[in-house]
Amino acid sequence: MLMSVHSVFATNLATTLSCRLNASNMNVSRRRIGSSFVNCSLEKTTEADRLVKLKNGNESLEICRVINGMCQTGGGWGKIDQNDAVEAMIRYADAGLTTFDMADIYGPAEDLYGIFINKVRRERTPEYLEKIKGLTKWVPPPVKITSSYVRESIEKSLKRMDVASLDMLQFHWWDYGIDGYLDALKHLTDLKEEGKIKNIALTNFDTERLEQILENGIPVVSNQVQHSIVDMRPQQRMAQLCKLSGVKLITYGTLMGGLLSEKYLDTNLARTHLNNPSLQKYITTVDAWGEWDLFQVLLRTMKSIATKHEVSIPTVAVRYVLDQSEVAGSMIGVRLGLADHIEDANAIFSLVLDDEDVNSIQEVTKKGKDLLQVIGDCGDEYRGI
């Protein structure tokens, strides 16, 4: 080929994106767009809402909208037994929760997926196997990026997950001040053309870099970002770029490590009891947004809505985020073999939040600080920007 796939894709996508952005007279990278508060979709939710297709050109990937997050296998949330973890993964998949999110840095997560997928191959039908999706991440250290280094890294994930091709590879970059993320993504696109990766995605990229990446012709299908009822930053800038480009959002931190649950309702904050990495991370988000008393008002409001619909606070929290613009799926962390939340997770698909529910939540959240101004854009909390 005289012209690389990058050049072809860049010409088509960057031209389209540039025209749309200019036509809309929007500079989404450099100024705040819209309001912190958006209206939820109130269309009736059916079982068809369980699955969504992520698309880029002729490529598509169908995933479950509630995604099993495997970060907690990495340590800090309790000791994971391999056999118990794999059996738990089977239970989640049997219950229709068929999409698993992991990373090369999440301890044994990719290895567990490899054991799990082989068990599925042996004990389930080909139709069942087809529904299982494994989304992993590549989180390289800030080193010089070469084609061989990228290939070696992806080959490791393929081996650990025991698959011929990764369903999705989500790419993270620690420091925008260090060149290399565009080179890395172009090398990943080469591997996609070879069939080693089916879909390329991002994690924790801000709006400005997402736009830059798209203009460089990288075939991105999604960006995984922190997004919750408290943290609505993705709806202020990024969602509008996603709507123009077709990139979807996958959210994590939607339950704020468990803070958005009955467990913390009507409690005094004892930071010494926040004894895992997730709780320690998301209490800083609460601090940036508002006081613990305001967070308690939010929990009481959500509890009232949950009682009305006969569901839990976490179910309300995830449903609210799934109803936001351009959100394809939301992550729920799973403590495999230690606890499960299958019933709550499946209740999300049948829950419909009405106008009263949405308005009551927004009456509270508008009293909090604008996290875009306090923290910065999506992913900035990882880079000290």
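Guide: This is a predicted model, in which local features need pLDDT of at least 70, side-chain atom pairs count only at pLDDT 80 or more, and totals for chains, interfaces and linings use all residues. Residues are numbered from 1 along each chain as its sequence is written, and side-chain values use heavy atoms, with hydrogens and water left out.

Visitor: Which element supplies the largest share of the lining of the largest cavity?

Guide: Elements are DSSP runs numbered from the N terminus: helices (H or I, at least four residues) and strands (E, at least two). At least two lining residues come from each of β3 (66–69), β10 (327–333) and α12 (342–347). The largest share, three residues, belongs to β3.

Visitor: Which residue meets Asp94 in a salt bridge?

Guide: A salt bridge is a side-chain nitrogen of Lys or Arg within 4 Å of a carboxyl oxygen of Asp or Glu. Asp94 has such a partner at 3.0 Å, N to O. Asp94 lies in helix α2 (residues 82–94) and its partner in the loop between α3 (109–123) and α4 (126–131), so the pair ties together parts 30 residues apart in sequence. The partner is Arg124.

Visitor: In which helix do Glu152 and Lys156 lie?

Guide: Glu152 and Lys156 form a salt bridge, their closest N and O atoms being 3.9 Å apart. They are four residues apart, about one turn of the helix, and that helix is α5 (residues 147–161).
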